[in-house]
Amino acid sequence: MQLALTEEEAAFRDELRSFYRTEIPAEIRERSRQGGEVDRDDIITTHKILNDHGLAVPNWPVEWGGKDWTPVQHQIWLDEMQLACVPEPLTFNSKMVGPVIAEFGSQAIKERFLPPTAALDIWWCQGFSEPEAGSDLASLRTTAIRDGDTYVVNGQKTWTTLGQYADWIFCLVRTDPNAPKKQAGISFLLMDMNTPGITLRPIKLVDGSFEVNEVFFEDVRVPADQLVGEENQGWSYAKFLLGNERTGITQVGRTKVKLADVKARAKESGLLDDPLFAARLAEAENDVLALELTQMRVASGSVDGKPNPASSVLKLRGSQLQQLATELLVEVAGPDVLPFDAGADLASPEWARHSAPTYLNYRKTSIYGGSNEVQRTIIASTILGL
């Protein structure tokens, strides 16, 4: 595999690097760099700027706003965005429901939903996990029973990220309760969040934020023409979607930024002179470089609507390294992590006080998108053939 950029690729990188740092407001990029609770307005502002310049959904088919880029160019687009601390286009739109509709939806569904999805005129959220169907997603029990020209939906979804902002939700629902396998009989349905019978309830997380929600469906009537693809084929569409999600979870660029912050803070405090800490940091940096090469291979192998099983490697290792970066920053902060949310007039620096809730929040990375235990099973069966 080619490890150095060509002259054309380097010019492409420099053009994007300049765009991200000049067209995206500096205050938004700084808030993104510092982390913390997701800012709805920052996501909308950035997404629309990117879309206006044709940079929001380059992974989509060209006729729907995508780019005829090489895999290397796609990777440069993402890496430079993360390195510049630019909030990425809303994942639910750009990497989840959008590609599924473009790949499997009818022409009418595409024309109705893809343009506003690309422009973030529709904010989507994901209705996959349920109280008894998280890592074992195929055990989902939310039903959608056909009644004339509508489906009647009953059930519950949980861990619905940013659902409090969403206009629409894409859901996996069971349309054939008598299917012989639990992976069968599942369909992919689109629902307006304002439909009568849908109730949303926020979940307070361990870091104090309200990032995820429960969603309840009680006799919700959904027009049948909002079904994506074929009835009872939703599991195939979900695997395609999760392959995209797992690749996006890798976050190589953002982990690089976090590790650079760790190194700078450790140098200021003198902790970088500790050979054991310095060795751990160096090992983390090397692991990120190795992951970056794996990401390049996966990006070039996910074609024709078929998920690349190696995306599970990216999800597994990427989430571990994101967690490691937050752990190292907490170690650098030391006792200054303790007075979180205790007011501004403190000797402890804000970055240190914020590092503890960030560490707690990042425990989720090894769970969402399919837990790391599930990823190990996929790697064992589909890659290693065990």
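Helices (H or I, at least four residues) and strands (E, at least two) are DSSP runs, numbered from the N terminus. Asp 219, for example, is found in strand S7, residues 212-223. This is a predicted model, in which local features need pLDDT of at least 70, side-chain atom pairs count only at pLDDT 80 or more, and totals for chains, interfaces and linings use all residues. Residues are numbered from 1 along each chain as its sequence is written, and side-chain values use heavy atoms, with hydrogens and water left out. The chain is assigned domain 1 (7-89), domain 2 (123-232) and domain 3 (249-384), with bounds that come from an automatic or database domain assignment.

**Domain 1 and domain 3**

- The centres of domain 1 and domain 3, taken over C-alpha atoms, are 21 Å apart.
- Contact means heavy atoms within 4.5 Å, and the contact here takes 16 residues from domain 1 and 13 residues from domain 3.
- The size of an interface is often given as the accessible area lost when the parts come together.
- Buried area is the accessible area (1.4 Å probe) that two parts lose on being put together, summed over both; for domain 1 and domain 3 this is about 1,100 Å², with 50% of it on carbon and sulfur atoms.
- One salt bridge is counted between domain 1 and domain 3, a salt bridge being a side-chain nitrogen of Lys or Arg within 4 Å of a carboxyl oxygen of Asp or Glu.
- Glu 88 and Arg 254 form a salt bridge in which the closest N and O atoms are 3.3 Å apart.

- The expected span of a helix is 1.5 Å times one less than its number of residues.
- Helix H1 (residues 7-23) has 17 residues and reaches 24 Å from its first C-alpha to its last, close to the expected 24 Å.
- Buried means under 20% relative accessible area, exposed over 50%, and partly exposed in between (1.4 Å probe, protein chains only).
- The buried residues of H1 are Glu 9, Ala 10, Phe 12, Leu 16, Phe 19 and Tyr 20.
- These buried residues pack against helix H2 (26-34), helix H3 (40-52) and H4.
- Several residues of H4 are buried, including Ile 76, Trp 77, Leu 78, Asp 79 and Met 81.
- Glu 292, in helix H9 (residues 275-299), is in contact with Asp 79, Val 252 and Lys 256, leaving aside its neighbours within four places in sequence.
- Glu 292 counts as buried because its relative accessible area is 17%.

**Positive phi angles**

- Just after H4, Cys 85 takes a positive phi of about 60°.
- Leu 120 has a phi near 60°, a positive value in a residue other than glycine.
- Leu 120 sits in the loop between helix H6 (107-118) and strand S1 (124-127), and it is buried, with a relative accessible area of 7%.
- Asp 219 is not a glycine either, yet its phi is positive, at about 50°.

**Cysteines**

- A disulfide is a pair of cysteine sulfur atoms within 2.5 Å, and by this rule the count is zero.
- Cys 171 is in no disulfide, as the nearest cysteine sulfur, that of Cys 125, is 7.4 Å away.
- Cys 171 is buried at 0% relative accessibility, and Cys 85 is buried at 7%.

**Salt bridges**

- The structure holds 19 salt bridges.
- Arg 201 and Glu 214 meet through their side chains in one of them, at 2.8 Å from N to O.
- Arg 201 lies in strand S6 (residues 198-203) and Glu 214 in strand S7, so the pair ties together parts that are 13 residues apart in sequence.
- Arg 201 is partly exposed at 44% relative accessibility, whereas Glu 214 is buried at 15%.
- The side chains of Glu 327 and Arg 363 also form a salt bridge, at 3.3 Å from N to O.
- This pair links distant parts of the chain, 36 residues apart: Glu 327 is in helix H10 (residues 311-333), and Arg 363 is in the loop between helix H11 (350-361) and helix H12 (372-383).
- Glu 327 is partly exposed at 31% relative accessibility, and Arg 363 is partly exposed at 24%.
- Salt bridges that share partners join Glu 88, Lys 95 and Arg 254 into one network.
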